[in-house]
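Hello,

Here is the structure I promised to send over. Please open it alongside this note, and I will walk you through what turned up.

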Amino acid sequence: MKHIKIFFSTIKENLIAFFAFLIIWQISSLFFQDFIVPSPILIFNNFETLITDSLLNNLEITIFRILTGFSIAFIIGSIIGFLSNLFRIRESVNTVLILFQVLPGTVLGIIYLLIFGQGNAVPVAMIITLTTPLIAINTGNSLLNINQELEDVVYSLGGTYWDAIRSVHLPALVPVLRSNGTLGLGFALKIVILGEFIASETGLGYLLNVSKIYFNMRSVFFYLLLIIIIMLIFQIIINLIFVIFFEKYLFQTNIQ
Amino acid sequence: MLKTKNLCKKYDEDPIIHDLNMHLKRGEKVCLFAPSGTGKTTLIKIINGLITNYQGKVEVSSKNISTIFQSPDLFWYKTVKENILFPLQLKNIKFDSKIDKIYQAWIKTTELHNKEHLYPHELSGGMKQKVALARGFIFNPDFILLDEPFNSIDIRAKEKIINFILEHYPQKSFLFVTHNLEEIPKLADKIFLFKKDMLSGFKEIIIEESEDSSTIIKNIFEELY
């Protein structure tokens, strides 16, 4: 019952955000002509012509790239962040990670295009390179708030270093993984579009690029809307996974 | 049970404990009374091994020690029951009928029945402290360090818990740290009285069984002022 309540509350929050965005967009479109900023109503009215088989194929390819790149970045980034905090080398590791994070995506895209050629590899490699540092830094910084007194409790009761990791550090990681999920997926989505823009002839980013060349703003905004919808769906799925399977670990924020 | 010899501890260059020589026999219940902010918690952490960089000697004759801290520090993802039984998991002690009996007795004394399934964020400060107390005693430790563990517990519940401890753990050694005069007579049979700080020694006061609470408090008060 509690889970169902949280399920609907999560969806409600996301839908409110989505509708707020649509309202802002609708209001903004009043100040421009349709061929510059088409209104969301116009986009919705043209849904049938905009949704094609080719679009669905490209959408599938983009989602595959996001999930592949993000999964790898999520695992590597979370491990780096966790270990850097555990071994108290967070500051040094962050310095290195920030260097990677400031790499301009377009430059990286061109380098990867030269290395891998066109296809899945460039967007996926770009997601891994640019999202991993973000996730690692977020993990390390969030784990800084680990309750030292809880570790003291473990040790004072005769617990070992491994007991402290198992009872304090790993459970504290769960809310961090959730924020890594929502933060990282949004970032991965932005990067995949850039990667497909630069080095692919498939995917949503490629379609956006083609529409941009012909100034087909109706398609451009339609693809943007799709990107936002995908992001919202991802957010809902991640929140639900954590709320349903790891709910008790998320109480950490109001501890003691 | 506990012996400290010329124990010294500094934070940066500021001494907080100086030349402390303390002796606590097995089964003794000692109350360490000192004003706030004088290093009582530091001393507790030295005794239970959480602080290791100090000068002097600390000898504890048992490894089966429990510490109940000032703040309850419960595991946020564990229920009341899981928090209380947590030490068993660390010490590989099986939850059998004997442990269950101790557990039920603690639950009854702390009035936590019907709350066993709740998580810490659903409990009041006093309830959390009660859980921490039960957790500290569940594995039947030989030596119990209590660092002002009754701060957020109301008088009636405090009385009940103290009586329960005295009744069920008569052979155990206690080092009970407090700055609350009223708590001393109930738990201790000896007092280490630090007037100002832990730098210039302490006065040992033995509590006679015949002495009533008000006499003991009066005596301590006279020593202090």
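Helices (H or I, at least four residues) and strands (E, at least two) are DSSP runs, numbered from the N terminus. This is a predicted model, in which local features need pLDDT of at least 70, side-chain atom pairs count only at pLDDT 80 or more, and totals for chains, interfaces and linings use all residues. Residues are numbered from 1 along each chain as its sequence is written, chains are lettered from A and ligands numbered from 1 in the order in which they are written, and side-chain values use heavy atoms, with hydrogens and water left out.

Let me begin with two loops of chain B. N92(B) sits in the loop between α2 (80-90) and α3 (97-109) of chain B. N92(B) is not a glycine, yet has a positive phi of about 55°. Its relative accessibility is 72%, so N92(B) counts as exposed (buried means under 20% relative accessible area, exposed over 50%, partly exposed in between, with a 1.4 Å probe and protein chains only). E111(B), in the loop between α3 and α4 (125-137) of chain B, is another residue other than glycine with a positive phi, near 55°. E111(B) is partly exposed, at a relative accessible area of 27%.

Now chain B as a whole. Chain B has 7 helices and 9 strands, and its C-alpha atoms fill a box of roughly 50 × 40 × 30 Å along the principal axes. Of the 225 residues in chain B, 52% are buried.

The interface holds 1 salt bridge, meaning a side-chain nitrogen of Lys or Arg within 4 Å of a carboxyl oxygen of Asp or Glu. D152(A) and K45(B) form this salt bridge, their closest N and O atoms being 3.3 Å apart.

Finally, a serine in chain A. S200(A) lies in the loop between α9 and α10 (204-213) of chain A and is buried, with a relative accessible area of 5%. Its side chain makes a polar contact with the side chain of R65(A) at 3.2 Å (a pair of N or O atoms within 3.5 Å; within protein, one must be able to donate a hydrogen and the other to accept it, and residues adjacent in sequence count only if both atoms are side-chain atoms). The side chain of S200(A) also reaches the backbone oxygen of T202(A) at 3.0 Å. In α10(A), the buried residues include L204(A), L207(A) and L208(A). Just after α10(A), F215(A) takes a positive phi of about 50°.

Best wishes
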